[in-house]
Amino acid sequence: MEDMDEVVQEFLVESRENLDRLDREFVELENDPTSRPLLASIFRTIHTIKGTAGFLGFDKLQSVTHVGENLLSLLRDGSLGVTSERTSTLLRMVDAIRAMLDLISDHGTDGDEPYLELIEELTAHCQGAGKRGSAYAEAAAPVVPVVEALADHEPAVVPLSADPVVAEPDPAPVAPEAPVAEATPVVPVTEPASVAPRADADHPKANEHAGEHVRSGGGDTSIRVDVKLLDQLMNLVGELVLARNQILQFAGQQEDPALAATSQQLNLITTELQEGVMKTRMQPIGSVWSKFPRVVRDLAVSCGKKVRIEMEGEETELDRTILEAIKDPLTHVVRNSVDHGIEEPQRRLEAGKPAEGTLRLRAYHDGGQVVIEISDDGGGVNCDKVRRKAIDRGIITQQQAAKMTEREVAHLIFEPGFSTAEKVSNISGRGVGMDVVKTNVEKIGGSVDVQSVQGRGMTLTVKIPLTLAIIPALIVSVHGHRYAIPQVNLVELIRVERTETSRGIEFVGDAPVFRLRGRLLPIVWLAEILGLPAERETAAQNVVVIQADDRQFGLVVDRISDTEEIVVKPLGPHFKGIEAFAGTTIMGDGTVALILDVLGIARQGALVSEERHRRGSEDEAVHERRDRESQTVLVCMAAGQRVAIPLALVSRLEEFPRNMIEKAAGKEVVQYRGRLLQLVSLASFLGLYADHGYSDGHERALQVLVYNENDRAFGLVVDEIVDVMDADFSAVEHSDRPGVPFSAVIGRRVTYLVDVDTLIRSTIDGQMAMSSF
Amino acid sequence: MSTEQMYATFYVEDIFFGVNALMVQEVLRSQPMTPVPLAPPEVTGLINLRGQIVTALDMRRRLHLPERDASKPPTNVVVYTDDGPVSLLVDEIGDVLVLNGDDMEPLPETVDRVQRDLVVGVHKLDRQLMLVIDLDKTVRPTPVG
């Protein structure tokens, strides 16, 4: 009985593998309907399944495959031509076989479903052969529709169907090597150029593959290994790496040359072993992609589109856990491209594109990461539509939408609850789409980017780490305990000191920030995230700048240690729901350390600020009504007056030492990022006396808000930056001061709202007296 | 035919407990512990058990008993669970007892609700009572938050 189970298991594994290949081969067959090696390979697969099913007593499976085999043998002998109808029926048979295999693996039987309809259909196709005329006529005629579709590429298919090779009977369908050898004079499988130049030009990889399967029967250089065993090996290697780390640490403390040499040896061997075992878990990405031609074909047919799929870099290898994790997201992206990206043939022709759309998959290694690009030559992201949708869904405001660049708009498709499909199809357009793709990719430490040119197509780039099991990480500590931050999330390390020249960590309202090269970097204390007390007031802070999603933040830690290769181990069920941790690891000295989940920390940080925000609003009556009129403003002091500027208009905050100011053409400028930045005194503009710190007795650095308009930049000089607040623009009062049309109560105090446009206009016109700073 | 059952026994706050000895992987003296911030209170931390990371649960906190005297290091009773081994921190380890499973009686209703939830029954021994721990319930995570 045990033996029987094993046989069944083997049958299942083998058949599933073969079926995956069948899907691809059928799609290829539609492009190249006369390819005998393909037909022979398909026939062999079905024949094998039929044989084994009969032997194992799976009658239903046998009866379905039997009719299928009949049809296939007719196709192979050329008595019937390959049509898309026949292919569809055969694909349905493949699905039926798959369903039965699933039943066998779950329940041990091939089920009660007799698939009568399918069998009838298959039989009907077979009977067609007898009634119609000669083999040639039959073979040529049905090919025509396919040829029409490809007409612009390949006018040579029709004559080829009459090629002698089609009519040549295949006496040895089961011997794997035979068809190749036999066909070589006319159809060299590995060099299909002589038969189908089009197919060769457009599907070089696909054909290579076709060649591979035919060859694959021959070699015994590979064996089947249970994935569980590989996982176990990987775990053991993980342990070994840890033990090695400990030995190395120990050996470092001893002064024994023999021990040092041996541990060095151990180190090298462990590293090599680790690489070797990791390689065994690597799988080519092609194993996931192989399903796509079928997916694309079915989808294209159901949408009435013509789509060709091209693949490059299928051999690119990835750890199988990662492969497993990106399978669904990738499928979703591919479906999305066919469903939304590529247009109907008619529209494509109108747009001056070939009727057949192209979907390109490309994978390659790039610096310890794997990059997967999915591009189509469809309509790209329709920016106007996306903007409108995003406003409708309340994801962005009208003002935000107006300011967004095309790239930013394209990124909106990753927002939760976003979908531009006009009609909800059963394929995509249910509002759960790209955001799920993004989350899933990020879960495994990857990132997603989109480039789109409207009308020309879009490219989605997915970057993922090679492996998840062993990763480089930075070790930091807080309250004497160590934490690991995955290296992929690191941007830089900085030490923030409060000195004469630097302000250290500042506060915008309650929110701590640090000016990192002019940009405001939000600061989070790791201790606070972990619910521990944080020392905010020390003179120097260690800040780890982290990239989470599309933003950066600074994580303050007590100590920064080294980077180390760590073995990632999952956290137990008691820690579900704690966002701050991604897993655990064992350090060189044997203690357990937690791996931080930077996305979780970023989320947690944002949550805190949201709460703070809410609290703030409750305090202030003006903030009660947060509607479209409300806007986030930067409140600053200019000549003792509180003024507010919409935060969105300010691109950067800068500090310039006074000796940087130069005069150019009667204007005061500073050199800034390789250009001249014209300085405008906000106080002078408002007709107030500009002081800017002279009365303090020492020369403070200038506080400058950098404002970009088109390609010109202006620096608005203020005395002090107070806070970032939400202002309610519905409760403004008109003021009679020039340049400040309105005043409002912001943060309980009267604040002038600066009309930056007028300010800049008057500066450009040179109407303003530039007073000294 | 009596159903013989082997119990690994331990003390928590002078209460005598027993668990199915077949579910106990090993007993260890106090181990270096890495605390996990934000974790539920009964989770004391993580220990490195020969390269395997094991969650340690403080039985005193789990049973809502007073805190352990810091000067007395706890003993780890490592038990098998569906999600890998979990260590139960107890005050002191006792003998392995073989008892007749049929002799077990339900716990009186007057016992604290949490303790009654985690105990399947009582064995009346000559000198004391032994409370039989329901391991599944004891190691089941309580929701975080």
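1. Pairing, and the model. Two strands count as paired here if DSSP finds at least two bridges between them. The model is predicted. With that cut-off, β13(A) and strand β15 (residues 551-557) of chain A are paired: 3 bridges join them, and they run parallel. One bridge can be named. A:Ile523 has A:Gly554 in β15(A) as its bridge partner.

2. The other neighbour of β13 in chain A. Strand β12 (residues 511-516) of chain A pairs with strand β13 (residues 519-525) of chain A over 4 bridges, in the antiparallel sense. A:Leu516 stands opposite A:Arg519 in β13(A). The hairpin of β12(A) and β13(A) has 2 residues between the strands. In that hairpin A:Arg517 takes a positive phi, near 45 degrees.

3. The six-stranded sheet. The order is β10-β14-β15-β13-β12-β11 in chain A. This sheet of 6 strands is open, and its pairing is mixed. Where are the edges? At β10 (490-497) and β11 (506-508) of chain A. Each has a single partner strand, so one side of each is left without a neighbour in the sheet. From one strand to the next, the twist averages 40 degrees.

4. β10(A) pairs with strand β14 (residues 540-548) of chain A in the antiparallel sense. The pair is held over 7 bridges. A:Glu492 stands opposite A:Val545 in β14(A).

5. Nonpolar cores of chain A. The largest nonpolar core has 82 residues. Which of them touch the most other members? A:Ala484, A:Ile485, A:Leu555, A:Phe581 and A:Leu596. Strand β8 (residues 470-478) of chain A gives the most to this core, with 7 residues.

6. A:Leu555 in detail. Leave out residues up to four places away in sequence, and A:Leu555 touches A:Val524, A:Leu526, A:Val543, A:Val544 and A:Ile546.

7. Helix α2 of chain A. Helix α2 (residues 36-56) of chain A has 21 residues, which should span 30 Å at 1.5 Å a residue. Its end C-alpha atoms are 30 Å apart, so the span agrees. A:Gly57 follows α2(A), with a positive phi near 85 degrees.

8. Helix α4 of chain A. Helix α4 (residues 84-107) of chain A has 24 residues. It reaches 34 Å from its first C-alpha to its last, close to the 34 Å expected at 1.5 Å a residue. Which of its residues are buried? In α4(A), A:Arg86, A:Leu90, A:Met93, A:Val94, A:Ala96, A:Ile97, A:Met100, A:Leu101 and A:Ile104 are buried. In general, an α-helix has 3.6 residues a turn, so residues three or four places apart point the same way. Just after α4(A), A:Gly108 takes a positive phi of about 85 degrees.

9. Chain A overall. The secondary structure of chain A comes to 26 helices and 30 strands. Of its 773 residues, 36% count as buried. Take contacts in chain A between residues at least 6 apart in sequence: 66% join residues at least 24 apart.

10. Chain B overall. There are 3 helices and 10 strands in chain B. Read along the sequence, the pattern is β-β-β-β-β-α-β-β-β-α-β-β-α. Chain B has 145 residues, of which 33% count as buried. Of the contacts in chain B with a separation of 6 or more, 54% come from residues 24 or more positions apart.

11. The sheet of chain B. In chain B, 5 strands form an open sheet, ordered β3-β6-β7-β5-β4, with mixed pairing. β3 (24-28) and β4 of chain B are the edge strands; each pairs on one side only. Neighbouring strands are turned by 30 degrees against each other on average, direction ignored. B:Val24 stands opposite B:Val79 in β6(B).

12. The contact between the chains. It takes 21 residues from chain B and 22 residues from chain A. Which elements of chain B give two or more residues to the side that touches chain A? β4 (43-49) and β5 (52-58) of chain B. The largest share, 4 residues, comes from β4(B). The residues on this side of chain B divide into 14 nonpolar, 6 polar and 1 charged.

Key:
Residues numbered from 1 in each chain as written. Chains lettered and ligands numbered in written order. Predicted model: local features only at pLDDT ≥ 70, side-chain atom pairs only at ≥ 80, totals over all residues. Contact = placed C-beta atoms within 7 Å. Nonpolar A, V, L, I, M, F, W, Y, C, P; charged D, E, K, R; others polar. Core = buried A, V, L, I, M, F, W, Y, C linked by C-beta atoms within 7 Å. Buried ≥ 20, exposed ≤ 12 C-beta atoms within 10 Å, placed from the backbone. Axes fitted to C-alpha atoms, helices over the stretch in contact; angles between N-to-C directions. Expected span 1.5 Å × (residues − 1).
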